[in-house]
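Here is a friendly note to read with the model open beside you. Take the points in order and find each residue as you go.

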Amino acid sequence: MHLERPRNIAAGRLFMTERHLLDADDVRRALTRIAHEIIERNKGADRLALVGIANRGDDLARRLAQLIVEIEGTKIPVGVLDITFYRDDIGMTAEAPEVHETRVDFNINGATVVLVDDVLFTGRTIRAAMDALMDFGRPRKIQLAVLVDRGHRELPIRADFVGKNVPTSRAADVRVLVAEIDGEDGAMVEDEMPEGMDARGSTGGKT
Amino acid sequence: MNKHLLSMNDLTADEVVRILDTAESFREVGTRVIKKVPALRGRTVVNLFYENSTRTRISFELAAKRLSADVINFSTGGSSVAKGESLKDTALTLQAMGADAIVVRHSSSGSPHQLTKWVRGSVLNAGDGTHEHPTQALLDLYTMREKLGRLEGLRVAIVGDVLHSRVARSLSLGLVKMGVDVSLVGPPTLIPPEAQAWGVQVSYDVDNVLPKLDVCYVLRVQTERQRLEYFPSVREYSRLFGLTHERVGMLPDGALIMHPGPMNRGVEIDSDVADLPRSVIEDQVTNGIAVRMSLLYLLLGSAADA
């Protein structure tokens, strides 16, 4: 799930910088590691299910399921969850948020469900996803896997499996690309910065 | 999207597609064990019905409840309207109680439009006189698209009492907007003279039209609205325009039979015809809930002052 943020590009005062976080190989390696970690944490893939959050989370969930089959030989069900009807900002945007497909056509009662999303930011999407999931049954456990954790949580939520931790400014725009939608895999951060500042200056952190 | 839904003319083709696509997601909600989502928690929807209705009122009530809105049903019997309160005063009372949406059915054409001048919330037309019934048209469009996979290029006949039918007007406008080829069929006395202006064809011979259809949409003979004699007898109407078993045989394979309900079995449609597998009248009712959820979500899910 990718929450839209208006981009204010005031000509002459601000300009956008784009920084690469992950390329296609990085994404592949991160997903492979996460697949191993999911199996390790749960001591196998028994009663395991993956539910991806639309958009892009569902594509990542399908790939993780494929990797888990290759590693463990166990086929696990994959669902897709649209959290729109569970958002906490309905009625606060100019247009009602756009709705995507939801399909959880397996029984989640007693299962360990791993929620999968592309970017973990405020945590509000995950809160909504947990509420949505509970309407389908009573999972034994819910875990969270994300490709990028960019910080700035507004709720007490943390991920169990993380592809890459990325320090960002609150205003930055982190985007994950998946081949199924965007034609290629990767992740990047787009930042606004005042004119004249060094492109690497504002993000500052570790290199 | 517009704040209100008064007429199919308020919607662009893109908006119709958006309403139907969103309804698709709400169909999924209707298949769950817990058929309810919190999208409109804390909002209040008032059903203001000045005319009798079973399916439309219950459908709107279920739609609002499945979105977690609070629903107030206000029917004119047993209310202040029976004491002579005007539509305006009733509307202002509902507004003072904080209604976010008013679903209105009224015997006077244009009364939902009047309501929009008096209240701040959204107004949804659930049938006004012989004018329009846009939510019925949208659920019919949804059902056709669901069953036949598309709308553009379909051939649909609306058969019967077009003159008194708000469904026929809304549906014609909606179908033409979506690129459907529409024929209105009925006795000349029951086809409004301005019908040509809706962008439809008119025919007085049902047998001529049936073999070329994807959908045969049968209208109810509305004896309660007919003040004059528009046809000699019910039996003659039934013989000339009723959808009988023989007439169903003239339809192409796979063509659908639809009816907005309530049916007069044996008048405009034979009893056993209504129960055929190709008659999708019950699907129309089921889809109505999802389409009305979609509308309430799209109308109330945006900021009130936007």
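Before we start, one definition: helices and strands here are DSSP runs, with helices (H or I) of at least four residues and strands (E) of at least two, numbered from the N terminus. Please also keep in mind that this is a predicted model.

1. **Chain A as a whole.** Chain A has four helices and eight strands. Starting at the N terminus, the order of its elements is β-α-β-α-β-β-α-β-β-β-α-β. Chain A has 207 residues, and 40% of them count as buried. Among the contacts in chain A with a separation of 6 or more, 70% join residues 24 or more positions apart.

2. **A helix with a buried face in chain A.** Look at α3 of chain A, residues 124–134, where T125(A), I126(A), A128(A), A129(A), A132(A) and L133(A) are buried. Viewed down the axis of α3(A), these buried residues fall within an arc of 160°, so they line one face of the helix. What do the buried residues of α3(A) pack against? Their partners are four strands of chain A: β2 (48–53), β3 (78–81), β4 (112–120) and β5 (141–149).

3. **Two backbone details in chain A.** In the loop between α1 (24–41) and β2 of chain A you will find K43(A). K43(A) is not a glycine, yet its phi is positive, near 50°. Is K43(A) buried or exposed? K43(A) counts as exposed because it has 7 C-beta neighbours inside 10 Å, and the cut-off for exposed is 12 or fewer. Further along, the loop between β2 and α2 (57–72) of chain A holds N55(A). The peptide bond from A54(A) to N55(A) is cis, with omega near -15°.

4. In chain B, α3 spans residues 87–96, and its buried residues are T90(B), A91(B) and L94(B). Down the axis of α3(B), they fall within an arc of 100°, so they line one face of the helix. These buried residues pack against β1 (44–49), β3 (101–106) and α4 (111–118) of chain B. After α3(B) comes G98(B), with a positive phi near 85°.

5. **Two backbone details in chain B.** S68(B) sits in the loop between α2 (55–66) and β2 (70–75) of chain B. The phi of S68(B) is near 70°, a positive value in a residue other than glycine. With 15 C-beta neighbours inside 10 Å, S68(B) counts as partly exposed. A cis peptide bond runs from G261(B) to P262(B), with omega near -10°. P262(B) belongs to the loop between β9 (256–258) and α10 (271–274) of chain B.

6. **How α1 and α11 of chain B meet.** Two packed helices are described by the angle between their axes and the distance between the axes. For α1(B) and α11(B), the angle is about 120° and the axes are 8 Å apart. That angle makes α1(B) oblique to α11(B), and their crossing is right-handed. On the α1(B) side the contact includes I19(B), A23(B) and F26(B), while α11(B) brings residues including I289(B), M293(B) and L298(B). Sorted by class, this contact has 10 nonpolar, three polar and one charged residues.

7. **How α2 and α11 of chain B meet.** At what angle do α2(B) and α11(B) pack? The angle is about 55°, with the axes 8 Å apart. That makes α2(B) oblique to α11(B), and the crossing is right-handed. Among the residues that meet are F60(B), L62(B) and A63(B) in α2(B), and V285(B), I289(B) and M293(B) in α11(B). The contact of α2(B) with α11(B) divides into eight nonpolar, two polar and three charged residues.

8. **Where the chains touch.** The contact between the chains takes 16 residues from chain A and 15 residues from chain B. On the side of chain B that touches chain A, α1 (13–30) and α11 (281–300) each supply at least two residues. That side of chain B has nine nonpolar, four polar and two charged residues.

Methods: Residues are numbered from 1 along each chain as its sequence is written. Chains are lettered from A and ligands numbered from 1 in the order in which they are written. This is a predicted model: local features need pLDDT of at least 70, side-chain atom pairs count only at pLDDT 80 or more; totals for chains, interfaces and linings use all residues. Two residues are in contact if their C-beta atoms, placed from the backbone, lie within 7 Å. Ala, Val, Leu, Ile, Met, Phe, Trp, Tyr, Cys and Pro count as nonpolar, Asp, Glu, Lys and Arg as charged, and the others, Gly among them, as polar. Axes are lines fitted to C-alpha atoms, for helices over the stretch in contact, and angles run from 0 to 180 degrees between N-to-C directions. Angles under 35 degrees count as roughly parallel, over 145 as roughly antiparallel, 65 to 115 as roughly perpendicular and the rest as oblique. A crossing is left-handed if the near helix is turned anticlockwise from the far one by less than a right angle, and right-handed if clockwise. A residue is buried if 20 or more other C-beta atoms lie within 10 Å of its own, exposed if 12 or fewer, and partly exposed in between; C-beta atoms are placed from the backbone. The arc is that of the directions from the helix axis to the C-beta atoms.
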